[in-house]
Amino acid sequence: MVRTWAATATACAIAAAGCSSNGSSALPKLDRKDWTPAGMVAVNAAAAKIAAVIPGGCANPGPNDFTQFPISMKRFHSKVVPLGQALCDADGETLELSVFASATERDRYIDDRSIGICKAAAQIAKETHKPLVFSGLRWVAGNGNLAVQPDSESLARKVRTAVGGSYISRPCAPGITTDWDATSVTSALAVGAKITGCTDLKVVGRETLLRTRQLTNAQLPAALATCTLHGGGVAIVTFSRRTSYVDDFVKRQVTQGCGSDPALGRIDGDGYVIVASGNIAEQVAKAVGNKPADGACAALTTTTT
C-alpha cells in the first residue's frame, strides 16, 4: 500500500490507495516492473545513515509496493517514478525514502506531491465543511538525488543531519505557519553550540506544541531548541523580534520548568532566553557569556498552563 500520511483530518485525501480516483479509471503505465536494484541499494544506504544518527530508527526498511505506485501517480498528477523507494520507522513516524535518476526528477517529485496532497487536503476540508488543518509537508532533499518525507519538523531536521542536503518546508495554506522562523532556528542552534557538553542539541518541532502551532510567524518569530547537560535540561528560545506572544511563550517554558525545579535558572541574552535546571544554570550562563536572573521561579506571578 502506498504510504499513508499521518494527518488524521486528511487521511482519505492523502492515502492514495484508499480513496476514489479522479477522472477515468486508467492508471499510468510504467516502463518497468519493479524498483531498480541500484535504486534500492541507494535507498537502503540512506536508511543506514539515518539509523546511525537516530537510535532504533530505520532499522528494517522495506520496499514500497511498486505495483500500487501508479495509483498515487494518478491521484497526485505526478509522472515521476523513483529508481527506488522504501519505508522505515523512526521516532514514531513512517519515513518515505526515494532515490531518483537526477536532482531535477527529485525536485519535480517533491513539487508534484506537495501540490497534489495540499489540493487533496483542501478538497476534503471543503467537502466536509471544516477548516483546513493540514499544515503542509516536510521534506529532506538529500545527497545522491534522495528525497525523504517525514511528518514532523523535528524529525526532518534529524534526517537532514543524517543524510546531508537541505530541509524543505511546503505549507498548504498562507494562513498556516508550518515551522519556526528560519533565522530563529539558526540562532537557537548557534547559542546551543556554545554550551559544551550539550551534545544532544535538537530543535523541538513547532507542530508538537498545540498552542504555538496556531500562531503565525508574525506573532511568534521564534524557535525552541533543547539539550541536556550533566542530567539537567536546557531550553533555548530565540526570536528575531520580541512580541507579547514570545513573552508568553517564554513564560510558559519557565512555569513548566519551575513546577519540577524551583531553583530553575533563566538566562536572558540578546535575542534569546535560556531556561536551565538549577544545578547547571550557572555553567550554562557562563558558556553563553551571561548570568542567570535572580529568582526566576519566584518572579512568576501567575501560572500559565
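These are my notebook entries on what I looked up in a predicted model of a protein chain.

**Entry 1: ground rules**

I number residues from 1 along each chain as its sequence is written, and side-chain values use heavy atoms, with hydrogens and water left out. Since the model is predicted, local features need pLDDT of at least 70 and side-chain atom pairs count only at pLDDT 80 or more, while totals for chains, interfaces and linings use all residues.

**Entry 2: the whole chain**

I began with the overall picture and found 8 helices and 11 strands in the protein chain; helices (H or I, at least four residues) and strands (E, at least two) are DSSP runs, numbered from the N terminus. The C-alpha trace spans about 70 × 45 × 30 Å along its principal axes. Of the 305 residues, 48% are buried, where buried means under 20% relative accessible area, exposed means over 50%, and partly exposed lies in between, computed with a 1.4 Å probe on protein chains only. I also looked up contacts, which are heavy atoms within 4.5 Å: among those between residues at least 6 apart in sequence, 66% join residues at least 24 apart.

**Entry 3: the disulfides**

How many disulfides does the chain have? I noted 4 disulfides, taking a disulfide to be a pair of cysteine sulfur atoms within 2.5 Å. As a reminder to myself, such a link is a covalent bond between the sulfur atoms of two cysteines. With the bonded cysteines numbered in sequence order, the pairing reads 1-2, 3-4, 5-6, 7-8.

One of the pairs is Cys-58 with Cys-88, whose sulfur atoms are 2.0 Å apart. Cys-58 is buried at 3% relative accessibility, and Cys-88 is buried with a relative accessible area of 2%.

Another pair is Cys-118 with Cys-172, and here too I read a sulfur separation of 2.0 Å. The pair links distant parts of the chain, as Cys-118 belongs to helix H4 (residues 103-127) and Cys-172 to the loop between strand E6 (166-171) and helix H6 (182-193), 54 residues apart. The torsion about the S-S bond of Cys-118 and Cys-172 is about -85 degrees, so I recorded this disulfide as left-handed. Cys-118 and Cys-172 are both buried.

I then turned to Cys-198 and Cys-227, a disulfide with its sulfur atoms 2.3 Å apart. Cys-198 lies in the loop between H6 and strand E7 (202-203) and Cys-227 in strand E8 (residues 222-229), 29 residues apart, and the pair links distant parts of the chain. The angle about the S-S bond of Cys-198 and Cys-227 is 55 degrees, and the link is right-handed. Both of these cysteines are buried.

Just after H5, Gly-164 takes a positive phi of about 80 degrees.

The axes of H2 and H5 come within 8 Å and cross at roughly 115 degrees; these axes are lines fitted to C-alpha atoms over the stretch in contact, and angles run from 0 to 180 degrees between N-to-C directions. H2 and H5 are therefore roughly perpendicular, a label given to angles of 65 to 115 degrees. In the contact, Ala-46, Lys-49, Ile-50 and Val-53 of H2 meet Lys-158, Val-159, Ala-162 and Val-163 of H5.

Most residues other than glycine have a negative phi. His-129, however, has a positive phi of about 55 degrees; I found this residue in the loop between H4 and strand E4 (136-142), exposed with a relative accessible area of 75%. His-230 also has a positive phi, near 50 degrees, and belongs to the loop between E8 and strand E9 (232-239), where this histidine counts as exposed at 60% relative accessibility.

Lastly, I looked up Lys-29, which is in the loop between helix H1 (11-14) and H2 and is exposed with a relative accessible area of 80%. The C-alpha atoms of Lys-29 and Pro-174 are separated by 35 Å, and the two residues are 145 apart along the chain.

How values were computed
Parallel < 35°, antiparallel > 145°, perpendicular 65-115°, else oblique.
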